[in-house]
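User: I am new to this structure and would like to learn how to read a few of its features. Could you take me through them one at a time?

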Amino acid sequence: MSAAAASTSIAALSPGSTHLLLAHPFVPESTYTFATVKSYGCNRSFKHSWLAKYPWLVYSKELDGGFCRYCTLFAKNMHLLGILVRSPFRQWVKVNKILENHAASKYHLDATEDAMNFKRSIEQPEVNVDVRLNEEKLRRIAENRHIVKCCAETVLFCGRQCIALRGHSEDLSAERNPGNFLAMLKSHRIA
């Protein structure tokens, strides 16, 4: 699989697959032997210690390189980014400097925050704003239905008993008779 094909397939991931990649990335076993490359007269390869030092770094066995899992999944303007995002990191020289620069970049910090928010929204859907707003809306609908039901029952009761709805005033705090309708609503704890 090429890096371009990987980018295309990442863009088409479902939320469940994205969460799976975030929560359970491929981590080679400690006995795994990474492919070596001759560079500057030395055999160099990906190191297990980098995965421990940089929790956002993941290794692709197929592309023999490292990717930032947060930036690969959540970076804005991904088409402008290269190593660690759209193409694997394979430069085994000055690794710490390159990875530290990536970790400090604004797009990485933004992607990390987006990834954590996404992960939290999947794992704890009750804290999502839209879920909480919907719950509040449903609570208000139920409360309003109860109020309308009590008002309708009160009007029907007064109508069946031929009892007047109004009293001397329409104010519950007044000393005068507020009327049967308001008095009955007060007994329902609505008015």
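Analyst: We will look at a pair of helices, then at the sides of another helix, and finally at a loop residue. Please keep in mind that this is a predicted model.

User: At what angle do helix α2 and helix α6 pack?

Analyst: Helix α2, residues 15-23, packs with helix α6, residues 106-123, at an angle of about 115 degrees, and their axes are 10 Å apart. Angles of 65 to 115 degrees count as roughly perpendicular, so α2 is roughly perpendicular to α6. The crossing in which α2 passes α6 is left-handed.

User: Which residues of α2 and α6 meet?

Analyst: From α2 come P15, T18, H19, L22 and A23, and they meet A115, F118, K119, I122 and E123 of α6. Sorted by class, this contact of α2 with α6 holds six nonpolar, two polar and two charged residues.

User: Which residues of helix α5 are buried?

Analyst: Residues count as buried when their relative accessible area is under 20%, and in helix α5, residues 95-104, the buried ones are V95, L99 and H102. They cover an arc of only 60 degrees around the axis, so they lie on the same side of α5, whereas K97 and A104, on the other side of α5, are exposed.

User: What do the buried residues of α5 pack against?

Analyst: They pack against α3, β3, β4, α4 and α6.

User: Is V27 buried or exposed?

Analyst: V27, which lies in the loop between α2 and β1, has a relative accessible area of 56% and is therefore exposed. Although V27 and L51 are 24 residues apart in sequence, they are 8.0 Å apart in space, C-alpha to C-alpha.

Key: Residues numbered from 1 in each chain as written. Predicted model: local features only at pLDDT ≥ 70, side-chain atom pairs only at ≥ 80, totals over all residues. Heavy atoms only, no water. Axes fitted to C-alpha atoms, helices over the stretch in contact; angles between N-to-C directions. Helix = DSSP H or I, 4+ residues; strand = E, 2+ residues; numbered from the N terminus. Parallel < 35°, antiparallel > 145°, perpendicular 65-115°, else oblique. Left-handed = near helix turned anticlockwise from the far one by under 90°. Contact = heavy atoms within 4.5 Å. Nonpolar A, V, L, I, M, F, W, Y, C, P; charged D, E, K, R; others polar. Buried < 20%, exposed > 50% of the residue type's maximum accessible area, 1.4 Å probe, protein only. Arc of directions from axis to C-beta.
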